[in-house]
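Please take the structure below slowly, one feature at a time, and keep the sequence beside it as you read the paragraphs that follow.

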Amino acid sequence: QAQRKAMAAMNEDTPLLSVGTRSSSLRRSPVVEATTGRSHLCSTNTLKMICILFIAIGAAGLLFIGGDNQQGYFLKASIRQSSAVTDTIRLEPTKGVELSTPATEQAVGSVGSNDEEETQLDSAVAEIETTAKASSIQRSVRFIPYPHKTLGSGSSLQCEWETRPITNASTSSELLDFTQRNAFIEGVCIPPTLHDTLHIFSSAEAIQCLSSEAQNRDIRVILSGDSYMRQLYIGLTDILLSKHISDDKEIIENVQRSKMLSTARYWMNKRHENNATFPFVQFRCGEECYGSKILDVCSKCINSLSENSDVWVVGVGIHIYERVNVNGTVQEIQQFLDREEGQNRTTYVSPPAGPMESVYRGLLPNVAPKNPEHPFLDVYESTKSCTMENCTFDGSHRSRYVNRWKAQLLLNTLCEVQ
């Protein structure tokens with residue numbers, strides 16, 4: 001009895017708010033009513049209105065809490081989804097392959113620096129290798145034998161760099177992978193003459209094209225030459241591994257370039273050794289074909305390593321140009337190509353835009369398409385048109401994304417999507 005009186009007294013000092021008013025006519029709390037047993041909860045119309053208010057407030061509170069948790073869940077889900085190539089990100093003009101196994105985009109840092117990073121990249125490339133097998137059902141990619149495919153040369157390859165919008169449109173376009181998405185985001189340079197034929201290769205497509213197992217024929221792709229070719233090799237490695245090695249750090253000096261080349265060679269060799277599906281793509285005869293020595297030395301190195309299945313991709317010139325004049329450089333390169341024509345399957349890569357223009361112009365009559373016997377990859381025009389601030393960091397060597405684009409052009413000479 002004393003407890004009831006005390007609670008009733010407390011209730012007198014804490015009025016309840018009724019709907020739409022500050023009325024003090026309702027003093028008893030539902031707790032008091034339930035305790036005394038003198039009336040049922042919500043027994044009067046006014047109390048019913050108050051009960052409705054309490055129920056509404058309680059429901060709103062639960063909804064708020066649940067909604068907050070739900071928002072947190074979806075936020076986390078979005079982060080997880082954006083950290084892997086599972087987004088339905090689409091581009092209208094592309095003809096990309098839909099990957100059945102997404103490749104992770106987790107940052108690996110300097111590839112090969114520790115066991116955790118090695119495990120991450122092992123997993124990522126294993127998924128890409130699985131995709132390469134699956135993609136053969138969805139889209140067939142054929143390796144083009146020597147003398148491969150000619151994209152053109154000179155003014156026919158003039159182009160303008162552009163980025164292309166990636167939207168969430170779900171009609172008439174297929175999923176893009178990590179490599180394709182980054183190409184369109186970073187920039188592409190497609191000549192009007194190749195607008196309908198140039199293909200942006202996914203990592204799975206590139207693997208399928210250059211894989212001896214997938215093509216049922218022996219294929220060994222070997223790049224060689226000067227520092228420009230070393231960076232092209234790193235760009236091709238980025239595509240095949242579906243990973244921008246060393247956190248996509250720009251190469252600004254020779255020591256860094258040599259270290260990154262070693263990292264790329266290590267991972268490409270490791271992948272091929274561990275999985276026969278992964279292509280054999282290596283960089284060899286780097287010193288012999290650098291250009292500081294006469295190219296006879298380069299030819300001998302290539303001959304000593306060559307097999308009938310090899311595809312040699314060689315680019316050299318700037319260091320020959322430092323030894324001799326323009327005419328001497330053109331003549332030495334032409335003699336090199338004549339020797340290779342009868343012995344090895346060699347594609348010559350032009351120098352980038354810069355001081356070598358006279359040499360470049362002098363070589364055009366002796367390489368494809370004018371001379372089909374000398375396969376030729378022309379990257380001069382695409383590098384010439386790259387005038388943005390981030391195209392080069394030393395005025396000569398091009399940025400990582402430009403070299404990935406050069407690698408895409410190389411793939412277009414070696415591969416055909418059917």
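Strand E2 (residues 220-225) of this predicted model is mostly covered, with 6 of its 6 residues buried; here buried means under 20% relative accessible area, exposed means over 50%, and partly exposed lies in between, as judged with a 1.4 Å probe on protein chains only. Strands are DSSP runs of type E with at least two residues, and helices are DSSP runs of type H or I with at least four, both numbered from the N terminus. Arg220, Ile222 and Ser224 point one way from E2, while Val221, Leu223 and Gly225 point the other way, and all are buried.

Which strands pair with E2? Two strands count as paired if DSSP finds at least two bridges between them. Strand E3 (residues 280-283) runs parallel to E2 and is joined to E2 by 4 bridges, and within E3 the bridge partner of Arg220 is Phe280. Strand E4 (residues 310-315) also pairs with E2 in the parallel sense, over 6 bridges, and there Val311 is the bridge partner of Val221. Arg220 also lies over the face of Phe280, at 4.9 Å from the ring centre; a charge sits over a ring if NZ of Lys or CZ of Arg is within 6 Å of the ring centre and within 35 degrees of the ring normal.

Rings can also meet other rings. A pair of aromatic rings is described by the distance of the centres and the angle of the planes. Rings of Phe, Tyr and Trp (its six-membered ring) pair if their centres lie within 6.5 Å, and planes under 30 degrees apart count as stacked, over 60 as edge-to-face and the rest as tilted. The structure holds 6 aromatic pairs. In one of them, the ring centres of Trp161 and Tyr401 are 5.9 Å apart and the planes stand at 85°, so this pair is edge-to-face. Because Trp161 lies in the loop between strand E1 (141-143) and helix H5 (178-186), and Tyr401 in helix H15 (residues 400-414), the pair ties together parts that are 240 residues apart in sequence. Both Trp161 and Tyr401 are buried, and ring pairs link Trp161, Tyr401 and Trp405 into a cluster.

Charged side chains make further links. A salt bridge is a side-chain nitrogen of Lys or Arg within 4 Å of a carboxyl oxygen of Asp or Glu, and a search of the whole structure finds 14 of them. Among them, Glu416 and Arg142 meet at 2.8 Å, N to O, and this pair links distant parts of the chain, with Glu416 in strand E7 (residues 415-417) and Arg142 in strand E1, 274 residues apart. Glu186 forms another salt bridge with Arg404, the closest N and O atoms being 2.9 Å apart, and this pair links helix H5 with helix H15, 218 residues apart. Glu186 is partly exposed at 24% relative accessible area, whereas Arg404 is buried at 7%.

Finally, consider confidence. pLDDT is the predictor's confidence in each residue, from 0 to 100; the protein averages 77, and 65% of the residues score at least 70. pLDDT stays under 50 over residues 9-43 and also over residues 59-114. Where pLDDT is low, the predicted coordinates should not be read in detail.

Residues are numbered from 1 along each chain as its sequence is written, and side-chain values use heavy atoms, leaving out hydrogens and water. In this predicted model, local features need pLDDT of at least 70 and side-chain atom pairs count only at pLDDT 80 or more, while totals for chains, interfaces and linings use all residues.

Note on methods
Contact means heavy atoms within 4.5 Å.
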